[in-house]
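Colleague: I am new to reading protein models, and I would like a close look at one part of this one. Could you take me through a salt bridge and then through what lies around it?

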Amino acid sequence: MQEYVARIVSGIGVADVVDVLIVAFVIYKILEFIRETRAEQLVKGLLVLAVAAFISGEFHLYTLNWIMRGAMTLGVIALVVVFQPELRRGLEYMGRSKIVKVPFAYLDKEKAKDLTAKFVRAVDYFSANKIGALIILERQTAFNDIVETGTIVNAEVSTEILQNVFYEGAPLHDGAVIIRGDKIFAAGCVLPLTHNNTLDKDLGTRHRAGIGITENSDAIAIIVSEESGIISIAEDGKLTRFLDIKAVEKTLLDIYLGNRGAEKVPTIKRLLGRDRNASK
């Protein structure tokens, strides 16, 4: 037995190890991607068909084996057709990998902190006054098709403009605002809704739109509930609720600064405090 194992080990080269590691990594990423999605259920069904086809072949159940093999073929086609959004998301995810990623919205520290302070003041105002808001921060994935559903603004980001856009009764308040770099690029935009059926039934269209746009892109969605004033952030199709202003601030600093100064949060707090004192 030891001699047999030794022969197998001696026949394994560096290329074989690399080959196995690459295949294992690819399988792991595929499983990670389909986990907790609709595609997971279809993959489980295909595995059941594969096991049934194998067993029927071993026991010479030719008719059942033929049916199982045909069903597996149809299942693969269904995987491509029915789950096209998931496949598209997977390809977009690979396209956004660090290997091909380009710098996003590079801003100097002072500009980034000033921009963050404006968002923080606006979100704080929306939450305190229970004003519904949906702000989308565009990153690597461009939303030119989404922009066409709204009105192009192309204005410098300011707390006052954001407050006016989402003011109840304003023409564009029901749609989403698209932020491109340091600009309010468009407002009143219509976003695709998520197809996730496991979400809390209390979540309305605004939250489902915020989740939906992040399922198919690398965008960040900041959402304020009109009913409760609760602040949420959606990223990669996942929604994080019950956030405070500090969490929003940190998220924005991480986006615009990364590791280039996000630790200097007190500067933003001073800007926020100064704005509140000026308004008194």
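Modeller: Let's begin with Glu 138 and Arg 180, which form a salt bridge whose closest N and O atoms are 2.6 Å apart. Please keep in mind that this is a predicted model. Side chains of opposite charge can pair when their charged atoms come close. Here the two partners come from distant parts of the chain: Glu 138 sits in strand E1 and Arg 180 in strand E3, 42 residues apart.

Is Glu 138 buried or exposed? With a relative accessibility of 6%, Glu 138 is buried, because buried means under 20%. Arg 180, at 25%, counts as partly exposed.

Now step along to Arg 139, which has a salt bridge of its own. Its partner is Glu 235, with 3.5 Å between the closest N and O atoms. Glu 235 belongs to strand E6, while Arg 139 is in the loop between E1 and helix H7 (144-147), so this pair ties together parts that are 96 residues apart in sequence. Both ends are partly exposed: Glu 235 has a relative accessible area of 35%, and Arg 139 is at 25%.

How many salt bridges does the structure hold? The count is nine, and one more is worth a visit. Lys 183 forms a salt bridge with Glu 156, their closest N and O atoms lying 2.9 Å apart. Since Lys 183 is in strand E4 and Glu 156 in strand E2 (residues 151-156), this pair ties together parts 27 residues apart in sequence. Lys 183 is partly exposed at 27% relative accessibility, and Glu 156 is partly exposed at 40%. Salt bridges with shared partners join Lys 111, Glu 156, Asp 182 and Lys 183 into one network.

Let's return to E1 and look at the strands beside it. E1 pairs with E5 in the antiparallel sense, over five bridges. In that pairing, Leu 137 stands opposite Ile 220 in E5. E5 also pairs with E6, again in the antiparallel sense and over five bridges, and the bridge partner of Ile 222 in E6 is Ile 233. E5 and E6 form a hairpin with six residues between them, and Gly 229 in the turn has a positive phi of about 80°.

If we leave aside residues up to four places away in sequence, Leu 137 touches Phe 119, Ile 179, Ala 219, Ile 220, Ile 222, Leu 252, Ile 255 and Tyr 256. Leu 137 also has a place in the largest nonpolar core, which has 32 residues. Which members of this core touch the most others? They are Phe 119, Phe 126, Ile 135, Leu 137, Ile 179 and Tyr 256. Among the elements that each supply at least two residues of this core are helix H6 (109-129), strand E1 (133-138), strand E3 (176-180), strand E5 (220-224) and helix H10 (245-256). The largest share, seven residues, comes from H6. Apart from this core lies another, of 20 residues, including Ile 178, Ala 186, Leu 203 and Ala 219.

Nine of the 11 residues of helix H9 (residues 205-215) are buried, so H9 is largely enclosed by the rest of the structure. Among its buried residues are Arg 206, His 207, Ile 211 and Glu 215.

For contrast, look at the surface. Val 14, Val 18, Ile 22, Phe 25, Val 26, Tyr 28 and Ile 30 form a nonpolar patch there, with about 700 Å² of accessible area together. Val 18 is in helix H2 (residues 14-34) and counts as partly exposed at 42% relative accessibility.

Finally, zoom out to the whole chain. The protein chain has 11 helices and seven strands, and buried residues make up 38% of its 280 residues. Its accessible surface is about 16900 Å², and 61% of that belongs to carbon and sulfur atoms.

Technical notes
Residues numbered from 1 in each chain as written. Predicted model: local features only at pLDDT ≥ 70, side-chain atom pairs only at ≥ 80, totals over all residues. Heavy atoms only, no water. Buried < 20%, exposed > 50% of the residue type's maximum accessible area, 1.4 Å probe, protein only. Helix = DSSP H or I, 4+ residues; strand = E, 2+ residues; numbered from the N terminus. Core = buried A, V, L, I, M, F, W, Y, C linked by side-chain atoms within 4.5 Å. Contact = heavy atoms within 4.5 Å. Patch = residues over 30% accessible without salt bridge, like charges linked within 9 Å, V, L, I, M, F, W, Y side chains within 5 Å. Areas by Shrake-Rupley, 256 points an atom, 1.4 Å probe, with all protein chains shown as cover. Salt bridge = Lys/Arg side-chain N within 4 Å of Asp/Glu carboxyl O. Pairing = 2+ DSSP bridges.
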